[in-house]
Amino acid sequence: MRILVTGLGSYLGSRVARALEQEPSVEVVVGVDADEPRLPLTTTEFVRVDSSYSIVQRIAAATRVDTILHLGAITDSTEVGRRALHETNVIGTANVVAAAAGGTVRKLVVKSSAHIYGSSFDDPYWFREDTPRKRPPEDGLERSLLESDDMVRELAEDDRRVMVTRLRYADVLGGEVGSPFSRVLQLPVVPEILGFDPRLQFLHEHDAVAAIIFATLNQVPGVFNVAGAGVMPWSEVCAAVGKRRVPLPPLLTASAVEPLRRLRIAAIPKETLRLLRYGRAIDTSRYQRAGFRFTHTTASAVDAFAQLLRLRSSASDATEYRYEHDVETFLHHSPSVVRD
Amino acid sequence: MADAPTETGPPVDAWADVLGTSPTGGDLVPVAPPSSADDRELRLGDVDGWGRSERMRALARRLYDPVYRHWFRVEWEGLEHIPREGGALLVANHGGAIPSDAPVIMHGVESELGRPVYGLADNLFRSVPVLGTLWSRTGGVPASPDNAYRLLHDEQQLALVFPEGTKGTGKHVRDRYQLQRFGRGGFVEIAMRAGVPIVPIAIVGNEEAMPIVWKSPALARLLSVPYFPVTANQFVFGPVLGLVVPLPSKFRLRVLAPVTFDVASNQERYNRSLVLEHAEAIRASIQEEVRDLLRHRRSVWFG
């Protein structure tokens with residue numbers, strides 16, 4: 001297999017590339033992103049591109065990839081501004097879909113988010129892949145994810161040569177992944193919305209990587225929810241990681257957290273605030289029927305995260321990897337390097 | 001439910017030679033396996049997938065028991081009709097401005113049979129702080145076909161539904177015990193799809209616990225609630241307390257024989273006329289039993 005990965009600069013993208021390097025059936029991994037890889041990669045080629053992946057069509061044609069993993073969608077609205085969000089999620093996906101349609105590509109795996117379903121007071125308790133969302137998109141993040149999802153769905157319907165897998169992720173919990181909930185739970189005290197104790201669902205970072213590898217190596221066309229089984233109320237999540245809760249007012253909640261963002265204490269995205277009010281759960285039985293085995297449930301993902309935080313409070317992490325262009329070029333291409 | 005295949009391309013084999021299918025064994029993320037294969041050992045609380053907490057229910061039952069026993073003096077007939085295991089949909093008539101029938105049925109079945117009952121209802125409170133959470137912890141579940149199917153089919157639980165909805169509770173006192181339309185028969189369709197019986201329950205006493213003597217459509221619209229009542233209770237207990245304290249009417253409940261359906265479960269759709277026929281038959285049988293209970297009732301307060 002010859003694989004192109006977008007979003008290589010994300011933790012998830014780097015992890016997926018590293019896992020693919022160890023697969024005997026994978027010949028080539030090319031990763032593109034505006035940011036550098038987060039982990040040292042041995043055979044993966046990194047190409048720096050703009051945040052809307054405008055050049056990805058040329059790269060796909062030049063490398064004759066048969067598989068594209070589109071992992072670059074932004075699912076945390078505090079990461080970038082509104083314009084940049086549209087650039088990456090909508091324009092970026094349009095470019096990736098263009099690269100996948102026609103040409104040598106036979107498989108496209110797209111990582112999206114359960115934010116596609118929204119979170120509102122009249123939601124069903126469990127979203128299946130075909131459950132429609134209850135309300136129009138609340139903000140730019142949801143709108144961009146829905147638009148991007150539509151484009152990918154259209155490709156799946158129109159171009160039968162390309163097998164399309166769409167994955168909708170619940171919030172990932174993990175030490176390095178930098179998701180909103182991982183960030184929030186590392187604050188000295190964690191916010192709750194007064195009088196609300198929502199049902200939440202989490203995905204262990206191992207399953208987050210494994211779900212993409214599974215779709216890459218197996219034939220699973222369609223759309224699938226990806227989340228740890230079960231739900232947990234927010235109060236219990238906070239108790240499990242040993243954090244005290246601080247109530248936010250139920251009215252004007254977004255304005256109440258704005259000073260925290262301004263003072264750079266904590267950036268709590270709007271979509272996370274919505275989840276802290278009404279929660280959300282997605283049904284993952286379809287992906288399990290397709291053959292995927294989750295290693296973690298929501299409860300064990302929370303438990304693993306709590307263990308990690310306890311470890312970190314007593315021992316510091318290993319030094320962080322930093323991408324150095326010259327070093328990587330040398331290691332990848334110099335004739336002096338011995339490669340097996 | 002039938003799993004609608006969304007994107008089905010050419011046969012899967014067509015891709016196999018291009019893409020290969022080796023299962024991965026690599027260490028994707030350095031990860032310890034879950035500390036326990038059993039989630040229950042990892043959990044600190046007992047809130048289930050529906051937001052219900054048995055501990056909270058037990059507390060609620062302890063607090064409600066005096067009301068159940070001494071205020072309403074609830075008496076049941078035919079409790080043996082409620083299955084001790086397996087899913088079943090309990091269906092009852094509905095009445096009283098703030099209906100006491102739901103807590104009475106949930107309390108009664110839970111304490112007599114020792115199995116949880118989930119109350120399907122319009123979640124008017126889910127966006128109200130504290131109240132919404134309490135409602136959910138004590139067994140309230142938003143009434144949607146999907147939630148009902150999951151409860152009844154996947155989890156084989158008891159679910160309680162009042163098909164009259166707010167048309168039942170918003171009745172003027174002069175219309176008491178006149179069963180309203182049973183919706184579009186959605187409850188029958190769900191029971192058919194889930195393959196579970198419907199257990200009809202006739203109840204008297206609920207209407208007199210909080211009778212509506214006057215309604216204000218204008219105020220209801222203003223507050224965007226289904227109805228804005230003035231209740232007899234407000235004349236007895238005062239305008240505020242009267243909105244929450246029921247009158248001590250005598251509650252009698254009669255559980256009817258379970259209704260089973262001679263159709264295959266898990267179908268996408270069911271014959272509309274068959275569904276409506278069953279819904280109407282169940283409504284009529286509850287109405288008949290309610291009238292029978294009323295015929296034998298000598299006093300609203302003493303039964």
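This is a predicted model: local features need pLDDT of at least 70, side-chain atom pairs count only at pLDDT 80 or more; totals for chains, interfaces and linings use all residues.
Me: What is the strand order of the open sheet of seven strands in chain B?
Reply: The pairing in this sheet is mixed. Strand E1 (75-77) and strand E4 (140-142) of chain B have a single partner strand each, so one side of each lacks a neighbour in the sheet. From one strand to the next, the twist averages 25°. The order is E1-E9-E6-E2-E5-E3-E4.

Me: What angle does the direction of helix H4 of chain B make with that of E3(B)?
Reply: Helix H4 (residues 101-113) of chain B packs on the sheet. It touches E1, strand E2 (88-92), strand E3 (117-121), strand E5 (158-161), E6 and E9 of chain B. Its direction and that of E3(B) make about 160°.

Me: Which strands does helix H12 of chain B lie across?
Reply: Helix H12 spans residues 272-295 of chain B. It runs at about 30° to E6(B). The strands it lies across are E2, E6 and E9 of chain B.

Me: Are H6(B) and H8(B) roughly parallel or oblique to each other?
Reply: Helix H6 (residues 145-154) and helix H8 (residues 186-194) of chain B have axes that come within 9 Å and cross at roughly 40°. Angles under 35 degrees count as roughly parallel. H6(B) and H8(B) are therefore oblique.

Me: How do the residues of the contact of H6(B) with H8(B) divide?
Reply: The crossing of these two helices, H6(B) and H8(B), is right-handed. H6(B) contributes B:Pro145, B:Ala148, B:Tyr149, B:Leu152 and B:His153; H8(B) contributes B:Gly186, B:Ile190, B:Ala191, B:Arg193 and B:Ala194. By class, the contact of H6(B) with H8(B) has seven nonpolar, two polar and one charged.

Me: Is A:Pro198 buried or exposed?
Reply: A:Pro198 sits in the loop between strand E8 (189-193) and strand E9 (199-200) of chain A. Its contacts beyond four places in sequence include A:Pro233, A:Trp234 and A:Tyr278. The C-alpha atoms of A:Pro198 and A:Tyr278 are 5.3 Å apart, though 80 residues separate them along the chain. With 26 other C-beta atoms within 10 Å, A:Pro198 is buried.

Me: How many residues of helix H1 of chain A are buried?
Reply: Helix H1 (residues 11-21) of chain A is mostly covered. Its buried residues pack against strand E1 (2-6), strand E2 (28-33), strand E4 (67-70) and helix H6 (205-217) of chain A. Among them are A:Tyr11, A:Arg15 and A:Leu20. The count for H1(A) is 10 of its 11 residues.

Me: Are H3(A) and H4(A) roughly parallel or oblique to each other?
Reply: Helix H3 (residues 82-100) and helix H4 (residues 140-158) of chain A have axes 9 Å apart. By class, their contact has 10 nonpolar, six polar and two charged residues. The angle is about 5°. H3(A) and H4(A) are therefore roughly parallel.

Me: Which residue is the bridge partner of A:Leu4 in E2(A)?
Reply: The open sheet of chain A has seven strands in the order E3-E2-E1-E4-E5-E6-E11, with parallel pairing. E1(A) and E2(A) are joined by five bridges. In E2(A), the partner of A:Leu4 is A:Val30.

Definitions and conventions: Residues are numbered from 1 along each chain as its sequence is written. Chains are lettered from A and ligands numbered from 1 in the order in which they are written. Two strands pair if DSSP finds at least two bridges between them. Helices (H or I, at least four residues) and strands (E, at least two) are DSSP runs, numbered from the N terminus. Axes are lines fitted to C-alpha atoms, for helices over the stretch in contact, and angles run from 0 to 180 degrees between N-to-C directions. Two residues are in contact if their C-beta atoms, placed from the backbone, lie within 7 Å. A residue is buried if 20 or more other C-beta atoms lie within 10 Å of its own, exposed if 12 or fewer, and partly exposed in between; C-beta atoms are placed from the backbone. Angles under 35 degrees count as roughly parallel, over 145 as roughly antiparallel, 65 to 115 as roughly perpendicular and the rest as oblique. A crossing is left-handed if the near helix is turned anticlockwise from the far one by less than a right angle, and right-handed if clockwise. Ala, Val, Leu, Ile, Met, Phe, Trp, Tyr, Cys and Pro count as nonpolar, Asp, Glu, Lys and Arg as charged, and the others, Gly among them, as polar.
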